Amino acid sequence: MEQTITRLWNRDFSLLVIGQIISIFGNMILSFALPLYILDISGSAALYGLVMGLPYISLLIVSPIGGIMADRLRKQRIMFWLDAFTTIIIVLFLISRGFIGSAVPIVIIKLLALNAIQGMYIPAVQSSVPMLVSSDKLMSGNSAVGGVNLLSSMIGMAVAGILYARFGLLPILIGSAICFAITAVIDLFIRIPYKKQDDTGSIAQIIKSDLSETIRFAIKEKPILAKGALILFLLNLFLTSLLMVGLPVLITQHLELGMELVGVNQSIMMLGGLFGTITAGALGTRLTIIKAFFYMAISCVFIIPTGIIFLVDTPIMLSYIIITATGTISFFAIQLFSIAGITFIQGETRTELIGKVMSVLLMLPFLANALGMVLYGTLFEQFETMPWVVIFATAILSGAIAMFAQNYLKKSM
């Protein structure tokens, strides 16, 4: 179905964004609360990192298939069935809690299922944006989607922290199920252009053919995409993983503050990310991928004060403020970089390959997150008395990678 797109906030793009707001909120309150539940009952940073990182395995496995589905099937149907299935999974999780005594296995299984669904859902959403907005508004469209995702995540983290601290896990599970059910209904009304592709051959042959075409495109036709994805892998392995795993551990176990303040910390950092998306949308085509790498390098400098507070005697609340402030600046740069990177990939990729290319290239950051969460959970347990060592090493290494990437891209483009 052909559509003439004249403005950014058209009917279908608006519905997509509204659905994202509700869906991300439901996903975040659940994804944020479940690992914290394990950290709370176990007190183990290593186990917390394992529970955070292990579920990414399912996302890594499913993501390429999600990309193929996004390019070959109707995207709004994919989103509907995934939101509906997520609702069912949460309801089953609610029921099973009364029959299974050990919390860790059931939490891991739930997160495995949730991440597998996200592995199919993310390519459908990301490949829909270029079809719902005009090319000159693509940066603004990605910024809008990224912005509402961060806003929902920010509110979701704060709500999850408060609800969990006061009422436990049950209201979070119920609220999440309601969110996904509402989003499934919204999905039914979105109209996304669809062009049927050749589907001759078996499912295995189609998957093999599509993945081969995608890898060949990224490596041979557009090698800068594959190399850029590798750089992104390293930045996610170190900097992003430090923020996602390290900061909650520092706040709860080193500063000995409550889960509510973890939620506030994560929400404020997401606010920094929200300003990053707004800035990306405002800059538009002036924000290049090269400039984005430079901002990432600068942000690494601001991580250093987080390490300093564990070297000198610093009041607890001042330490908390410093951790939150430095994390917020880093999330600003990360989100700015993310919007620039997604727009760059979309602009360099043929329309019929966007879903597959996005899913394959983004496997590397997902893998980095999985490995990084386990890595930093272990590191903060091993360096329990010297957390500053981990923080300083991460800041220096991440900054060096970002500067190298900037110089490399200047020579390649």
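This is a predicted model: local features need pLDDT of at least 70, side-chain atom pairs count only at pLDDT 80 or more; totals for chains, interfaces and linings use all residues.

Trainee: Okay. How many helices and strands are there in the protein chain?

Mentor: The protein chain has 16 helices and 0 strands. Its radius of gyration is 21 Å, close to the 22 Å that the globule rule gives for 413 residues, so the chain is as compact as a globular protein of that length.

Trainee: What box do the C-alpha atoms fill?

Mentor: Roughly 65 × 55 × 40 Å, taken along the principal axes.

Trainee: And what percentage of the residues count as buried?

Mentor: Of the 413 residues in the protein chain, 56% do.

Trainee: Switching to cysteines, then. Is Cys179 buried or exposed?

Mentor: Cys179 is buried, because its relative accessible area is 11% and the cut-off for buried is under 20%. Cys300 counts as buried too, at 3% relative accessibility.

Trainee: How many disulfides does the count come to?

Mentor: The count comes to 0 disulfides. The rule asks for a pair of cysteine sulfur atoms within 2.5 Å.

Trainee: Got it. Now pockets: what volume does the second largest pocket have?

Mentor: About 310 Å³. The elements giving two or more residues to the lining of that second largest pocket are helix 6 (138-167) and helix 13 (316-348).

Trainee: Which helix gives the largest share of that lining?

Mentor: Helix 13, with 5 residues. The second largest pocket has 16 lining residues, and Ser135, Leu138, Met139, Thr343 and Gly347 are the ones nearest its centre.

Trainee: What classes are the lining residues in?

Mentor: The lining of the second largest pocket has 8 nonpolar, 7 polar and 1 charged residues.

Trainee: One more residue for me: where does Leu50 lie?

Mentor: Leu50 lies in helix 2, which covers residues 45-53. With a relative accessible area of 34%, Leu50 is partly exposed, as that class runs between 20% and 50%.

Trainee: What is Leu50 in contact with, leaving aside its neighbours within four places in sequence?

Mentor: Leaving those neighbours aside, Leu50 is in contact with Pro55 and Val374.

How values were computed:
Residues are numbered from 1 along each chain as its sequence is written. Side-chain values use heavy atoms; hydrogens and water are left out. Buried means under 20% relative accessible area, exposed over 50%, partly exposed in between (1.4 Å probe, protein chains only). On a 1 Å grid over the protein atoms alone, a cavity is a set of points where a 1.4 Å probe fits but cannot get out, and a pocket is an open set with protein on both sides within 12 Å along at least five of seven lines; lining residues have an atom within 4 Å of a point. Grid points are joined across faces, edges and corners, and a volume is the space filled by probe spheres set on the points. Helices (H or I, at least four residues) and strands (E, at least two) are DSSP runs, numbered from the N terminus. Ala, Val, Leu, Ile, Met, Phe, Trp, Tyr, Cys and Pro count as nonpolar, Asp, Glu, Lys and Arg as charged, and the others, Gly among them, as polar. The radius of gyration is taken over C-alpha atoms; the globule rule is 2.2 Å times the number of residues to the power 0.38. Contact means heavy atoms within 4.5 Å.
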